[in-house]
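Thanks for making time this morning; I would like to walk you through one model, going from a single residue out to the chain as a whole. Please keep the view open while I talk.

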Amino acid sequence: MLYLHHKEAGQPQLTLTGDEHRYIFKVRRHKVEDTLYLRNLEDGLLHRYLITHIDKRSAILELQESQTLEVKAKRPLHIGWCIIDPKNIEKVLPSLNEMGVEKITFIYCKRSQKSFKVDFKRLEKILLNSSQQSGRSEMMQLEIADDLETFLKNYPQSKMLNFSEKKIDVQEDIETIVIGCEGGFHEDEMTLFTSEDIVGLDTPLILKSESAVCAAAAKLLL
């Protein structure tokens, strides 16, 4: 773990309790005079703290230095992801976070099961843990759209990932891409995109939604 997230990181003095204290005291076995790095994931700063006191319930940290150190992808990528089983979303979300995806909008597409509900608090916790492990300096943004039409009104420059002779190219200026759910896009949704706005991957194989979203992110960001 490269740093510890704390929403008040940057304050001259911090007192850690609960899970944060257990992490440095029981997991990392830190002691007084050790250095600990913290981020609030909002200002792009890495804060260096000194542990000045620690006991079984709390630890006191004193700020030593704050420096600008942004760790993110070289280009922005926004994914519109037609909602699939939340359990499958949770499995690949850390990978998308590590690759540097800037934002995900979950979309209730025509073939998404309406019973699937996105637990944003749970996803944010997964993102926090992933960011601490990977060193990412800003939180991924998450939002939801009622349908693909609404999404495209807000992001008209979007591309669709589907079967196409026009392959994703790392040189192409794609900032927003829509990934379908299991079963692909409905015919009505296909008509919302021109042929020029539909791109494909260079494979004859059928990918699951979670495989396709990882493949697209890797192709565009890495």
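**Glu182 and its surroundings**

Let me start with Glu182, which, if we set aside residues up to four places away in sequence, touches Ile84, Arg111, Lys208, Ser209 and Glu210, where contact means heavy atoms within 4.5 Å. Before I go further, please note that this is a predicted model, in which local features need pLDDT of at least 70 and side-chain atom pairs count only at pLDDT 80 or more, while totals for chains, interfaces and linings use all residues. Residues are numbered from 1 along each chain as its sequence is written, and side-chain values use heavy atoms, with hydrogens and water left out.

Glu182 sits in the loop between β10 (176–179) and α5 (187–190); helices (H or I, at least four residues) and strands (E, at least two) are DSSP runs, numbered from the N terminus. With a relative accessibility of 42%, Glu182 counts as partly exposed, and here buried means under 20% relative accessible area, exposed over 50%, and partly exposed in between, with a 1.4 Å probe and protein chains only. The C-alpha atom of Glu182 is 9.6 Å from that of Gln113, a residue 69 positions away along the chain.

**Salt bridges**

One of the contacts of Glu182 is Arg111, and that brings me to the charged pairs. Side chains of opposite charge can pair when their charged atoms come close. The term salt bridge is used for a side-chain nitrogen of Lys or Arg within 4 Å of a carboxyl oxygen of Asp or Glu, and a search of the whole structure finds 9 of them.

Arg111 forms such a bridge with Glu187, with the closest N and O atoms 3.7 Å apart. Arg111 belongs to the loop between β7 and α3 (120–134) and Glu187 to helix α5, so this pair ties together parts that are 76 residues apart in sequence. Arg111 itself is partly exposed, at a relative accessible area of 33%.

A second bridge joins Lys103 to Glu143, the closest N and O atoms being 3.4 Å apart. Since Lys103 lies in strand β7 and Glu143 in strand β8 (residues 141–145), the pair ties together parts that are 40 residues apart in sequence. Are the two partners buried or exposed? Lys103 counts as buried, at 14% relative accessibility, whereas Glu143 is partly exposed, with a relative accessible area of 25%.

Then there is Lys166 with Glu196, where the closest N and O atoms are 3.7 Å apart. This pair links distant parts of the chain, with Lys166 in the loop between β9 (159–161) and β10 and Glu196 in the loop between α5 and β11 (198–199), 30 residues apart. Lys166 is partly exposed at 28%, and Glu196, at 52% relative accessibility, counts as exposed.

**Two positive phi values**

Arg29, in the loop between α1 (18–27) and β3 (35–39), has a phi near 60°, a positive value in a residue other than glycine. Leu41, in the loop between β3 and β4 (45–54), also has a positive phi of about 60° although it is not a glycine.

**A buried helix residue**

Ala216 counts as buried, at 1% relative accessibility, and its C-alpha atom is separated by 9.0 Å from that of Gly200, 16 residues apart along the chain.

**The chain as a whole**

Stepping back, the chain has 6 helices and 11 strands, and its C-alpha trace spans about 65 × 40 × 30 Å along its principal axes. Of its 222 residues, 45% count as buried.
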